[in-house]
Amino acid sequence: MLRHLCSREEQKLAFDCLDLELRGDETECCCDPSALERELLSRIRAMSATQKGQALDIICRYLEGHTRPLEEQHGMDTDIHVQKLLESLHLEPKQNMNKALLFHLFGLLLCECTDAELVKSHLTSLLELSHQDFDQREDIALAVGLASTTHLEEVWALLEHLGNTWFSRWRNLSSEGQPPDANLPWKWISSTFLLCYGQMAAHAKERILPWVDSLIPRMVHYFSCNRADDILKASFLSTVVLLTRVLRQEYGIRRYKFTQTADLIQCLLWVLQEEPNFLATVSRQKIILVIAVLSNLRPSLPPWVRSRVLKVCLRSVYALPPTEKLPGCLPSLDASPDIDVMGLYKKTVYALNLLLQSFFSENPSMDEVCFLLQHMEPWLQSDNSHERQRAVQSILLLLQYAVDTPKSTEEAVPSALGQQLGLLTLLWWDTDMETQSPAHRCVYLLLKLSGQQKGRTVGLHQSKMKCFKVKTSRKGEEELQHLAKAFDKVLSVAQRTQLVLVLLRGLSSRSLLQCLLASKLLLMIFEGRSIKPEQVAEVLHSLFQELPSFHFKKTQQTMMKAVLALGTQYTSEVAEVLLSLDHPSEKQVLTLWTALAANCKLARKVMTLLCTKLQLCPSLEVLESAHQVQLISLLALGTVYELLYIQEYRPTVRQAFAGILLGLLTQLYYLLELGMVEGFLDYQEDRLDSKPLGPCRTCLEALKGLFWTTQYWEVFAHIKLLRGWELFGHLETYTEGVTVLARAMALYDCEVKAVLGQAIISTKSTKEQDNIVAILIIAEFLNSPEVPKYVSQRAMDNLLRQGLKNPNWLVRAMSLKGLSAILMNPKKVALLHSLLRDLLYSLGQPESQDPLGLIVILGDILHRLGLQGIGTFSIQIAQHLLQFFDHKRAKVRGSAILLFGDVIHSSGRKLQQPLKNLTFQALVPLLLHLADPSWEVVTRTKFTFFRCAILLKWEFRKELFSKLAWGQGLGAEYDIFIFMVESNFGRHHQLFMQALTYLCSPYRNLKLAAMKFIGGMLQDYFLDLCFYLKKTDTVILKKYFDALQKDPDDMCRRFYLSFLEDVMDLSHYVA
């Protein structure tokens, strides 16, 4: 149990230990004259002035003779005179060999001498004696100190004069490169002068106080001449102790101001820093106690000095080896059994605690408590258990002292209090019980102090539970709950912020217990609504910084719950902060966004906020003055793009599909208007690249991702194979891109109701971009049979007529186009049907003059009529179009193939089977046209081939699309071949027979493609062909195959030779 140090008497008693640390005889002689000294003084006073002068001369000559080297002492005959002098003073003559007594007697004679000049003369002689011997330096200093009792001014002046003279001589000798005089080594002289100043202070007592500000610079000067010298260190420390004793006496010390104490303390701190990291002497204790006394003088020490005092003193004590290892750390020379190492340690710690209490006594307030604790923070976070333990125990004693000390009534709200409470709280589950238990009490006392100052009672009980029990017990959870409530009740907003920041830093600890404690307490604080809106930014920024340093998965899981709680309370603020943290693709940022998705309602609010920010489209004038608005819009864009691919947000994205779609389309149009297309056209979709995407590319990729991640991948594929995404790359083709997109959505019934509703809302927006995107979508949706289910004809008519008044020409044009749609004019259906019959008749003529024009018009009519319009015409159109697949003009082939894909999807369920049969007939031609010499035909063939796969409901449609869109080389060709053949099990022979006709194709690419297909069938599906082919089929096969034998193309002849044997075998088996 730590002893409670709080009484003033106990503190005073501790400081009195300074007196006992001095050497016994000298101390007593200085402070309390002995009976012998009193008797000598009475006899000296009875002597006449002449007798005193003679006595001084005798002692001076004796000392001069006996302080020289032995070879120079011959012929000296002063012993007899000294013996007579001692006899006259009733002293034993044999004591004449005791030079210490003679120095003492010399000092007493000087003290009683009234002739100032005589005093100066003899003091000069005294100070010119040798300073080499340490004992003699102390004896000289004692004599000088005794003389200063009555001749303070003369002694001071003489020391100043001699000091300056000798220093100049020493400096000149040093500058000439010559060694100093052997009798005047400067460090010995400095040591003597330091000791003299100490004895002057001890003997002059209160009369020295006006001289202290002059005395300290001299002490600092002599010490600084050679700070590393052990002699000077010892002399300096002895002098400081003697001076400090005087400053502690009740001499009206508070009437004086000592302006030089800071310099003296700096020297003491230097000595303390040089102390070895073991305990063998009382030097540490002395220095700390002296600093404690000096810190109480007026004026108060500057904050920077007090701060350095704390740093050095704390390190000097806390950094010592663990208590159990201290005795073993002594060097071999100091390993004496007489050294009580543990006793020295306890006294040193005791001195440090007194220093802390002394600092607090100068300013008994919460500000001072926090100031002191601030310097202990590094030790509370130390990796060494014994250092944490020492710091916590010191804090406990300080806080106990502070609780019982009358404090300032002025309420202080130091924000650092929160940080210190956090550090102490993290030690509640420390593995060391000697740290854990005091930490509990420290938190309690700190809250009590703060509560008392604010007039509040803290209902928090000190816990005695062990750390490993706290981790899992219900009582431990309850204790943390009470603690969280106490924090909320007592601490200010700024203090709670600091508390939370410390706990967040504690999450990166390698101690599982500490991480668990920090995460649990943070979760309770977040869920308890202790965090205010103004704290959200700082808290989340700190959490973001700590996320990469988490070592335990459970810590991250708990903190994600805390983020969820914070997001539920302050959705807007949290979203703002997350947008500002870093690039949205950063892992830590995505982790925080993902945490918010755990609550479906919150995830919807987050997505709504992002969509709102996504639609921020300030004008160029506003951007030039407030670029931050645009930045937020782009951050929201990047965030939406990333969230599309996070599994937890998939349901939310599906629900917010319409808002996200309109937001992305509007933002892309806006970015194109601004010309932010850097790197847009250079991007390669099928290439992995670490370079960040530009704004326009991010927006377009997000648009693609919206369809891909919401299982509307067929819409994505539809647009991709039509090269529709490329239309969004230029402002000039942007409107066409939106039209293609809306048409695909209507075709696959992709969120038509939600998007239509959102588009109608956007038509009422004051922003031009919103109006344009909305009317483009609405105009295209009017061709969908789904629209009448959601919007009446009258409401749509009013909407479009309102669009005719829009200031933007494109909105007016598209509104007019919408008014001409079948939905708005049902009577057009009969007229278009009539026109369709005439066109079919013209298309069926053997030599149609303009088949391309007819196909284009048919496509336009088909689009305008929609699913309800063409009926049985679809079969006739498909049949006619099949004839144009091999037309000699590439544009005709391409247009026929493209329209065929539209036709097969343009009828109801009744006609699906006939259309499927026609679709099957088109499979091989389409597959072979993937090798068409025309690039445009190939593109349209891919699109129609994919639509055939959708109609026929092939199993691997998504994989097929990937190969069509991005596949290259023989591998992709083979995969497409396999997808088609395997999806038509039992009909392989029909596909085989369709390919035979292309062996006579005038286009070499198609002929080679047909040979590849036939060769693949013969190799991979030979048995199937044997089973299904008929004898008549083999005749046709041989007819087309034999023609290759005489083909002028070398590739054809080689194909013939390679597969001749297979064809012969096939004919044999079929027969």
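Author: A cavity is a set of grid points where a 1.4 Å probe fits but cannot get out, and its lining residues have an atom within 4 Å of a point. The model discussed here is predicted.

Reader: Which residues line the second largest cavity?

Author: The second largest cavity has a volume of about 50 Å³. Helices α23 (474-490) and α24 (493-506) each supply at least two residues of its lining. By class, the lining has 6 nonpolar, 2 polar and 2 charged residues. The residues are A484, F487, D488, R496, L499, V500, I525, S530, I531 and Q535.

Reader: Which element gives the largest share of the lining of the second largest pocket?

Author: The second largest pocket holds about 1300 Å³ of space. Among the 40 residues that line this pocket, H718, L722, R743, L898 and D902 are the closest to its centre. Two or more lining residues come from each of α36 (713-721), α37 (734-747), α44 (851-865), α46 (890-903) and α48 (935-951). The largest share, 7 residues, comes from α37.

Reader: How do the residues of that pocket lining divide into nonpolar, polar and charged?

Author: Gly is counted among the polar residues, and Asp, Glu, Lys and Arg are counted as charged. On that basis the lining of the second largest pocket divides into 16 nonpolar, 12 polar and 12 charged.

Reader: How far apart in sequence are the parts that E112 and R45 tie together?

Author: E112 and R45 form a salt bridge, with their closest N and O atoms 3.3 Å apart. E112 lies in helix α6 (residues 99-112) and R45 lies in helix α3 (residues 35-46), so the pair ties together parts of the chain whose separation in sequence is 67 residues.

Reader: About how many helical turns separate R1054 and D1050?

Author: The side chains of R1054 and D1050 meet in a salt bridge at 3.2 Å, N to O. R1054, at 47% relative accessibility, is partly exposed, and D1050, at 37%, is also partly exposed. Both lie in helix α55 (residues 1050-1070), 4 residues apart, so the separation is about one helical turn.

Methods
Residues numbered from 1 in each chain as written. Predicted model: local features only at pLDDT ≥ 70, side-chain atom pairs only at ≥ 80, totals over all residues. Heavy atoms only, no water. 1 Å grid on protein atoms, 1.4 Å probe; cavity = no way out; pocket = protein on both sides within 12 Å on 5 of 7 lines; lining within 4 Å. Points joined across faces, edges and corners; volume = space filled by probe spheres on them. Salt bridge = Lys/Arg side-chain N within 4 Å of Asp/Glu carboxyl O. Buried < 20%, exposed > 50% of the residue type's maximum accessible area, 1.4 Å probe, protein only.
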